[in-house]
Amino acid sequence: MLRTPARFTGVASGSGVKVTVGITSHNEAERIGRCLDSVLAQTLGAEHIEVLVVDDGSKDSTVTVARSYAGKAGWGGFHVIQHRGTGSPSKGRNTVLDAATGEYVFFVDADDYLGPEALEAMLRAARKQAADIVIGRYVGVNRSAPNVLEPRGKQPAQDYHSGWLNSLHVQKLFRTEYLRALPYRFNESLIYASDHPFMIAAFLHTDSVALVDDVDCYFITLEEPDAGHRVHVSRAQIAASQQLRFLHDCFGIMALARGQGGDLAKRAGRMRADYWNRLLKLHVPILILRKDDDAAVVELAEQALAMAEMYGARTSRARLVEDASRVLVSLDSGDAELIRQTAQDVRDAVAG
C-alpha cells in the first residue's frame, strides 16, 4: 500500500466551501473575464466555491477586472492577491495551496476556462471514489489536449499506468489535505514546466485517482500567433539549461521514493522508465522543433544528454521504446539537421 496522506478532516468546517478555485494570472486583462465567467456559470453553485485569484505582477488591468467579480455571486469566498512578478505561476499556486479553505482545490490558469459542469462532475467523482486527484477531460483550444491515455491490456484505469504521465498539467481537482501533505511544493525558481515535478509527486503518493471523461471540464488554450495576445509556446528562447532544470526535481522526487522501499519504490521505478519514454518521445522533440537555429538545437541536445547520463536513461532499467531510443541516439550525433528531422519523425509517429 502506498503512503497516502490522512483523509480530509475539515479544512472548511462549517463554511460550506467545497472547492477552492485558484486562478493564477499575469497580464490577462483580456482573458480573465472569460475564465471568471466560466466559474460563475458552474452548476455546483457559487456558495460552494471559493475563488482565489493570485496575480503575478500584472502591468495591465487584470487585477481590476478580477476584483469586479467579487460581488457578482454569493461566493463561498472571493479574494484577489497580488505579489511582485516572478515569471512563473509557482508562487501563486503555493499561495493558493496555503490559503485555500475548500475541501478540494482546483488550479486554473487565467487564460483558460471551465466547462459549466466541471466542478460538480469532478466533485461527484472525488466523493464516489474517495479520490485524492480527479482528472477532468481537457479540451484543447488551438492546441492538443493532455488527456490521460488508456492503460494497456486489462489494467484498471484508476491504477497507476504509464498513460497517467500524458497528463502532467496541474489543472486538476485535488483533495486539500492530501495536497498539503505531499513531500513537495511548487518550486518557485522554475520558470518552465514547474507542474511536471509537482504531478510526479502527486501521482507517486496517491492510491486513488478518478477520471471524468464524459464531461468537458477544462478548456486549455493557446492564442493564435496573429491574435495580438501573449502566446504560450514553450519559452523557446530560454537557455536549454534553464529549460530542463525541472528534470532535477522530477528525478530527485523519484529517487527519494525509491529509497523508501516497498510499493512506493516499485511505483517510482516504473514511473522513472515511463517518464523517460514520455520525455524522449514527446517533450524533447517539441522543444527541439521550437528552436530557431542549429546552435540552439545542439545546445538542447547536449543538455538533454547530460540529463540522460545523470538520471539513467541509458541503463537497461530505463526500458526505452524504439522511438525514444531513436531520439536519444540522434541527440548524441551533434548534427542539428539529424536531431531536428528525428524529432519531427517521432512527433509525426506519435500524432499519427
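# Helix packing, core and salt bridges

Reader: How do α9 and α10 pack, in terms of angle and axes?
Author: In this predicted model, α9 and α10 pack with their axes 11 Å apart and at an angle of about 165 degrees.

Reader: Roughly parallel or antiparallel, then?
Author: Angles over 145 degrees count as roughly antiparallel, and α9 and α10 are therefore roughly antiparallel to each other. The crossing of α9 and α10 is right-handed.

Reader: Which residues meet there, between α9 and α10?
Author: From α9 come W276, L287 and I288, and these meet V297, L300, M307 and A308 in α10.

Reader: How many residues are in the largest nonpolar core, and which have the most contacts inside it?
Author: That core has 108 residues, and I23, F203, Y275 and L331 are those with the most contacts inside it. Helix α9, which covers residues 262-289, gives the most to this core, with ten residues. As a general background, nonpolar side chains tend to be buried together in soluble globular proteins.

Reader: What does L331 touch, leaving out residues up to four places away in sequence?
Author: With those left out, L331 touches L280, V284 and I288, then A301, A304 and L305, and also I339.

Reader: Changing topic, how many salt bridges does the count come to?
Author: The count comes to 13 salt bridges. One of them joins D109 to R93, where the closest N and O atoms are 3.1 Å apart. This pair links distant parts of the chain, since D109 is in strand β4 and R93 in helix α3 (residues 90-99), 16 residues apart.

Reader: Is D109 buried or exposed, and why?
Author: D109 is buried, because its relative accessible area is 19% and buried means under 20%.

Reader: What else is D109 in contact with, leaving aside neighbours within four places in sequence?
Author: Besides R93, the contacts of D109 are T24, C35, Q171 and Y218.

Reader: Which residue forms a salt bridge with E103?
Author: That residue is R127, and the closest N and O atoms of the pair are 2.6 Å apart. R127 lies in helix α4 (residues 118-129) and E103 in the loop between α3 and β4, so the pair ties together parts that are 24 residues apart in sequence. R127 is partly exposed, with a relative accessible area of 42%, whereas E103 is buried at 15%.

Reader: And what does K18 touch, again not counting residues up to four places away in sequence?
Author: K18 touches both E103 and R127, along with L44, H48, G102, Y104 and L123. K18 is found in the segment before β1 (19-25), and it counts as partly exposed because its relative accessibility is 25%.

Reader: How far apart are K18 and E47?
Author: K18 and E47 are 29 residues apart in sequence, and 8.8 Å apart in space when taken C-alpha to C-alpha.

Reader: One more pair: where in the chain are D332 and R314?
Author: The side chains of D332 and R314 meet in a salt bridge, at 3.6 Å from N to O. D332 is in the loop between α11 (322-331) and α12 (336-351), while R314 is in the loop between α10 (294-310) and α11, and the two are 18 residues apart. R314 counts as partly exposed, at 40% relative accessibility.

Reader: Which residues do salt bridges with shared partners join into one network?
Author: E28, E30 and R31 are joined into one network in that way.

Notes
Residues numbered from 1 in each chain as written. Predicted model: local features only at pLDDT ≥ 70, side-chain atom pairs only at ≥ 80, totals over all residues. Heavy atoms only, no water. Core = buried A, V, L, I, M, F, W, Y, C linked by side-chain atoms within 4.5 Å. Buried < 20%, exposed > 50% of the residue type's maximum accessible area, 1.4 Å probe, protein only. Helix = DSSP H or I, 4+ residues; strand = E, 2+ residues; numbered from the N terminus. Contact = heavy atoms within 4.5 Å. Salt bridge = Lys/Arg side-chain N within 4 Å of Asp/Glu carboxyl O. Axes fitted to C-alpha atoms, helices over the stretch in contact; angles between N-to-C directions. Parallel < 35°, antiparallel > 145°, perpendicular 65-115°, else oblique. Left-handed = near helix turned anticlockwise from the far one by under 90°.
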